[in-house]
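Q: Please take a close look at the aromatic rings in this structure. Which rings pair up, and where do they sit?

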Amino acid sequence: MKKVLLFLLALGISQISIAQEGSNGQRSDTIHFHKAHQRSLAHEITGLYGSVIFPEFDENGKEEGYAFLPSVSLDYDMWFHKKVGFLIMNEFILNSFEVRDAQGETFERESIMINVVGIGYRPVKSLDFSVGVGIETDLVNSSSNTIFRLGAEYAIPIRKHWATVLAVSADFRKHYKSGAFEIGFARFM
């Protein structure tokens with residue numbers, strides 16, 4: 001595992017240190033957003049902050065609205081030929097909460113970490129769709145659930161390999177469903 005992490009770190013550092021050459025043959029410190037995706041292999045690291053949306057229930061078990069809980073995410077994407085990508089998504093829900101399953105059973109969730117491995121598809125330059133499977137782990141109670149995730153991201157280029165990212169996702173578990181919307185920044189390498 002250490003060798004893989006060291007390889008990924010070395011690969012990332014080498015990608016950052018390679019400068020693009022301009023049309024006049026001189027080095028350029030600026031890269032346009034579309035040029036980052038023209039290579040056969042592109043890496044992307046994204047940090048996001050947003051809200052996870054869960055249904056809320058009253059004491060009688062009737063749905064009374066939705067709870068919005070803060071979350072932070074750190075994602076790594078590896079894109080092949082600018083269309084298909086391998087995604088690793090990591091999300092941490094910052095608050096504890098209570099959920100109710102379809103049978104009416106209520107249970108407490110605390111310190112939730114969600115790790116998803118997925119496949120992405122980029123039909124146009126700034127829009128990504130993803131599907132993945134992973135594990136939702138309650139770090140306090142040491143319980144975990146399998147999770148299935150559908151998502152979409154839209155990137156707005158800033159400059160020098162950076163973009164603002166708007167993301168939405170839907171998570172499906174055995175006991176309950178949730179949605180999320182997040183905003184953050186991505187670094188393309």
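A: Rings of Phe, Tyr and Trp (its six-membered ring) pair if their centres lie within 6.5 Å; planes under 30 degrees apart count as stacked, over 60 as edge-to-face and the rest as tilted. This is a predicted model, so local features need pLDDT of at least 70, side-chain atom pairs count only at pLDDT 80 or more, and totals for chains, interfaces and linings use all residues. Residues are numbered from 1 along each chain as its sequence is written, and side-chain values use heavy atoms, with hydrogens and water left out.

Ring pairs link Phe54, Phe97 and Tyr176 into a cluster. The count by this rule is 5 aromatic pairs. One of them is Phe54 with Phe97, a stacked pair at 4.3 Å centre to centre, with 25 degrees between the planes. This pair links distant parts of the chain: Phe54 is in strand β3 (residues 41-57), Phe97 is in strand β6 (residues 97-100), and 43 residues separate them. Strands (E, at least two residues) are DSSP runs, numbered from the N terminus. Both Phe54 and Phe97 are buried, meaning under 20% relative accessible area, with exposed over 50% and partly exposed in between (1.4 Å probe, protein chains only).

Now take Phe148 and Phe172. Their ring centres are 6.4 Å apart and their planes stand at 40 degrees, so this pair is tilted. Phe148 lies in strand β10 (residues 143-157) and Phe172 in strand β11 (residues 162-172), so the pair ties together parts 24 residues apart in sequence. Phe148 is partly exposed, at 39% relative accessible area. Phe172 is partly exposed too, at 33%.

Arg122 lies over the face of Trp79, 3.9 Å from the ring centre. The rule asks for NZ of Lys or CZ of Arg within 6 Å of the ring centre and within 35 degrees of the ring normal.

Strand β4 (residues 63-80) runs antiparallel to β5, joined by 10 bridges; two strands pair if DSSP finds at least two bridges between them. β4 and β5 form a hairpin with 3 residues between them, and His81 in the turn has a positive phi of about 50 degrees. β5 also pairs with strand β8 (residues 112-124), in the antiparallel sense, over 10 bridges. There, Val84 has Tyr121 of β8 as its bridge partner. Strand β5 (residues 84-93) has a covered face, which includes Gly85, and an uncovered one, which includes Val84.

Methods
Helices (H or I, at least four residues) and strands (E, at least two) are DSSP runs, numbered from the N terminus.
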